[in-house]
Amino acid sequence: VKWLRRIKVIDQPNMSRDETSKYTDPLPNGTARQFSFVMDVKSTITHPTSPARITERGWVPISGIAWSGRGRIARVDVSTDGGATWTAAELQEPVLSKAHTRFRLLWNWNGDAATLMSRAVDETGDVQPTLAVFRATRGRGTDFHFNHIRSWAVHPDGSVTYEARA
């Protein structure tokens, strides 16, 4: 529970401690992007994820959520081989501007180890980057605005764990 004692409305960015420390992104060239107002395109797989276990070989639904602060999600691609190949997932209606969009792809798991990834694209053409591309573009220290592709490792026993990848 939080108690509000007052609300102050202003017509410009607030130069408070939280706004300047958490919404200022240092860039690799030594400059900074101040006040990150627009959320970049993002997606994340929500199933299967840890601590889930795939119990049998065959068709497994991969599902997740994508969103963008620039508009509608145009496409979400899913990879089951660590990004070597990508397949367009089905977007669940309604697909609205600046709103969460559910996606789904059926995957025929053969029991081998696999790496699941999702990559969203919004209507402006902005593509969710890999961690390496994100760091090359934004640099380190932008902890509040990570939008890079995340990976889930599926092990031969069916267990699923988070996998950090560059």
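In helix α2, which spans residues 131–138, the buried residues are L131, F134 and R138. Around the helix axis these residues cover an arc of only 60°, which puts them on the same side of α2. A136 and T137, on the other side of the helix, are exposed. The cover over the buried residues of α2 includes strands β1 (24–26) and β2 (32–34). The description given here rests on a predicted model.

The next feature is a sheet. Strands of a sheet pair through backbone hydrogen bonds, and the pairing may be parallel or antiparallel. Here, five strands form an open sheet with antiparallel pairing, in the order β6-β5-β9-β10-β11. Its edge strands are β6 and β11, each of which pairs on one side only. Strand β5 joins β6 in the antiparallel sense over two bridges. D77 has A88 in β6 as its bridge partner.

| Strand | Residues |
|---|---|
| β1 | 24–26 |
| β2 | 32–34 |
| β5 | 73–79 |
| β6 | 87–88 |
| β11 | 160–163 |

Is I7 buried or exposed? I7 has a relative accessible area of 69%, and residues over 50% count as exposed, so I7 is exposed.

Terms used
Residues numbered from 1 in each chain as written. Predicted model: local features only at pLDDT ≥ 70, side-chain atom pairs only at ≥ 80, totals over all residues. Heavy atoms only, no water. Buried < 20%, exposed > 50% of the residue type's maximum accessible area, 1.4 Å probe, protein only. Helix = DSSP H or I, 4+ residues; strand = E, 2+ residues; numbered from the N terminus. Arc of directions from axis to C-beta. Contact = heavy atoms within 4.5 Å. Pairing = 2+ DSSP bridges.
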